[in-house]
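Some descriptions of a structure only make sense next to the rule behind them.

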Amino acid sequence: MNHVLDYYNYWIVVFLMMSGFYIVISANNLVKKIVGLNIFQTSVFMLYISMGKVSGGTAPIVVEGVTQYSNPLPHVLILTAIVVGVATTAVGLSLIVRIKRAYGTVEENEFENKDDAI
Amino acid sequence: MLEQHLAVLPILLPLMAAPIVLILGRNALSWGLAILVSGLACFVAWQLLAATLSDGVIRYAVGGWAPPWGIEMRIDTANAFVLLAVTAISTFVLLYSKESIKKEMDESQHGLFYTAYLLCLAGLSGILITGDAFNLFVFLEISSLATYTLVSLARDRRCLTATFRYLVMGTIGATFILIGVGMLYMKTGTLNMLDLAERIHAYDSSRTINTGLAFIMVGVSIKLALFPLHAWLPAAYTHAPSAVTAFLASTATKVAVYVMIRFIFTVFGAEHVFEDMSMDWILMVLAIVAIFKCSYMATVQSNVKTVLAYSSVAQIGYMVLGISLVSATGLMASLIHIFNHALMKGALFMAVGAVFYRMGSVDIKAFRGLGRLMPWTMAAFTLAGLSIIGVPLTVGFVSKWYLVTAALEQNHWVVAGLVLAGSLLAVVYIGRVLEAAYFQQPDEGQADVKEVPLTMLIPMWLLVLANVYFGVDTSLTSEAAKHASDLLFQNSDAISALMDSLHGPTAQAVSETSGLTGEVLQ
Amino acid sequence: MAEFIDLVLLAMLAITALRIIFLKDLFAVVMLFGIYSFLSALIFVSLDAVDVAFTEASVGAGISTVLMLGTLALTGRTEKENQHSSLLPLVVVVVTGAALIYGTLDMPPFGAADNPIHEHVAPRYIEESPKEVGLPNMVTSVLASYRGFDTMGETVVVFSAAIGVLSLLGVRRRKENESAESGLMEHRVLHVIAKLVIPMIILFALYVQFHGDFGPGGGFQAGVIAAAAFILYSLVFGLPRAFAVVSPTVLRYLAAFGVLLYAGVGVVSMLKGGHFLDYNVLAANPISGQHYGIIIIELGVGITVFAVMLSIFYAFGSQAERSDIK
């Protein structure tokens, strides 16, 4: 039981990652793919932040009387990763808008049919 | 005073030039500044390579904080060599692009092209120079985003879907790398590559670390387009603007190959990756399939850019094959092929871009009779094509030579034979184009096609001549590649030795010779 | 108790993710994604990552959701039926998931204070950074000083995104004779509230920018919040008015300026004899140098993020002006 309690956090995060991953690779609609990509990435962030938590600790901002702090390094890494994620999302969504204008559809099977196969 | 900061200049120069170019806009100043910056970066890379060959590893602590608390740049012969190739190609392609993009992009986009190009150069340089695993991820994303922008600048609407697919696959790859680095961090507490190496080896075998390795390898394989994760490449290279394809085909995937080499040899150690995890067989099989399947695919395409795109995936197969042989010669073959392939493919894509400039199409039908109408361009294509095939006196021959030697050293006769067989397929797909150019008549109404402007011809021919020069006089490239691969193998052995003698005096001596400095040892 | 909250939040996240997989109405999918993002932010708070929660809420639930909605307005609200089989994706996902679970089996236990990552590298950040850098917020110390190079890379990533969006969409200027009906001017309540709220938001953004040394906050969050204020203004008062207040050209210059400011601090450090981005040499007293360096680079980050986020919104918003919103 103790073993499970140690890891439940990680396992649910793995489940969330795989849900996002599944949406990315199986969705036909491009917007949904981007949503899936975001879910995938956000879940990876949870993995990093989970590893930084110290039981009984608090946020890594120096406060009088507190001695136990959670680890600030994963926080820094994820701050960067979040921004990278939104940058990719913005570019991806712009591509979708252009694809809609050029093809009239954002369903993958529909515009694949409109092009010659490569 | 500037000498001590050489390590960070290749990143800093393009990185600061990019916003300036955005402000300058689309005039000739942008192009001039971009070439100046790229040329300077190339010069710095040259200095860095010379310094690593004579003095050893260069380490630069950004922010003044010593690693692993701060981020360090770590340059040894391997990354200096690849950096030289990247910056040189970048400069040549910039020279070429001034005319080339006039026919392929609206004028209002030219300023953004140069900005994105410089960002891509900064990103690729950052990946090569950094010694910190998470910093590598950040620069990987900079270069990736810039690449997506560059590919999508073409007028053909298919570049949009190609870019989107590239974006999705590329981001999955980057996220896998992030997961892998996270797992390594979880078990070691550090992100600095040398520090990671030392701490990983304190574990005999750990599921988390092995899974981290697997995820990093898969993520990097997507980026370097290793079969079967190469699906994004043919469409992206075919539909991107010609100058973009010339730049990316020579640099982006090669940098990813470097990342694979760096993680395998410097962070994890060859012994662990290949013996404990049997990655040598997996990589070898995938590489061979890549060489054959993709060389075959190249022979049946009607669009010449697609032919060259599949050829690129096959050539990457050669590079990975060299890695999978797990020997200093094999690694040397890979490194030398990284450099040589950049020269070959850069020239080939420039030639094809020149054809597009005049003919408006790169279907093989458009090549008919061009041997007479565009003699310089087709001669360049021929020479570079011979290089891909591996004819003696070209760099392609040099790469194949080292690869076959490395295979024979390990008594992999079959592999050596397969490498040579791959060249036969190259004869077919290059030969088809040459046949159309030299032995067929041009279509009606094409008689007034002439050669391309000098700013496109000169960089093309400089690369072609480099192909021949480095094929005849291999001293620079083979010395650098040999030095790099020896160093990488020494690192690898030193790491295994460190595991045995972690606190003894021998550890100090071992680290000195292989370039790891005492700071890494606690 | 904390573990129980965690468990509940994670369960809610799992349900949300599952629902998204099967929904065909993309508007609902995007809204659920916004909820997912907020729930993640809550989990981050319960895991003591307050800066991260702040950023996730503003960027994930804020900007990403807005952009997705903007895209949906142009591409359509419903997903069509999926033609191909989901077997291969399912297999890939199961294999990857199994590999990950395998990897978790000898992970350090959740929350233990003696995990490897708490023993190496981090202790110096926790114990020494208040003395070496002089800031209470350790995350800001690490972000802006120890790992300042990463943050510069991050700023460049944001800048690259702007370049990408600008090259793909551009900002369509309204032609002279097109109707000037825009925004939500008929809605009196929105009009009045917006006028009251927007200055507050801008003030809050400035507070977050400069208080990031002492509490959660910093350049990124501040930039996004400030952009949100102007996005609200554009929504209520119309894009043409917004263009008149902050023009797209100015935003381009600001975005470039922010990046140059950041890199410029590094160059000044080099000129003063230190390494790139070494703040200790910026002033006679190293701690003051750290403070100057951090304030200026955070400002650079804030300016670039604000300019880029607003530019991206302008690009999306100007693609299709709809004057028929009632």
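Q: What makes two residues of chain C a contact, and what share of the contacts between residues at least 6 apart in sequence join residues at least 24 apart?
A: Two residues are in contact if their C-beta atoms, placed from the backbone, lie within 7 Å. In this predicted model, 70% of the chain C contacts between residues at least 6 apart in sequence join residues at least 24 apart.

Q: Where is the kink in H9(C) centred, and what angle does it describe?
A: The bend at a residue is the angle between axes fitted to the seven residues ending there and the seven starting there. For H9(C) the kink is about 30° and is centred on Ala194(C).

Q: Why are some residues of H9(C) called buried, and which are they?
A: A residue is buried if 20 or more other C-beta atoms lie within 10 Å of its own. In H9(C) the buried residues are Ala205(C), Val208(C) and Gln209(C), so each of these three reaches that count. Their cover includes helix H10 (219-237) and helix H13 (286-317) of chain C. Over chain C, buried residues make up 51% of the 326 residues.

Q: How is chain C divided into domains, and what joins them?
A: An automatic or database assignment gives domain 1 (1-83) and domain 2 (137-326) of chain C. Their centres, taken over C-alpha atoms, are separated by 24 Å. The contact takes 13 residues from domain 1 of chain C and 17 residues from domain 2 of chain C. On the domain 1 side, eight residues are nonpolar, four polar and one charged.

Q: What makes up the side of chain A that touches chain C?
A: The contact takes 68 residues from chain A and 83 residues from chain C. Helix H1 (2-26), helix H2 (30-52) and helix H3 (72-103) of chain A each supply at least two residues of the chain A side. The largest share, 22 residues, comes from H3(A). By class, the chain A side has 42 nonpolar, 20 polar and six charged residues.

Q: Which element gives the most to the side of chain B that touches chain A?
A: That contact takes 25 residues from chain B and 26 residues from chain A. H6(B) gives the most to the chain B side, with 14 residues. That side divides into 14 nonpolar, eight polar and three charged residues.

Q: Why should some predicted coordinates not be read in detail?
A: Low pLDDT is the reason. Chain B averages a pLDDT of 87, and 93% of its residues score at least 70. Over residues 502-522 of chain B, however, pLDDT stays under 50.

How values were computed:
Residues numbered from 1 in each chain as written. Chains lettered and ligands numbered in written order. Predicted model: local features only at pLDDT ≥ 70, side-chain atom pairs only at ≥ 80, totals over all residues. pLDDT = per-residue confidence, 0-100. Helix = DSSP H or I, 4+ residues; strand = E, 2+ residues; numbered from the N terminus. Nonpolar A, V, L, I, M, F, W, Y, C, P; charged D, E, K, R; others polar. Buried ≥ 20, exposed ≤ 12 C-beta atoms within 10 Å, placed from the backbone.
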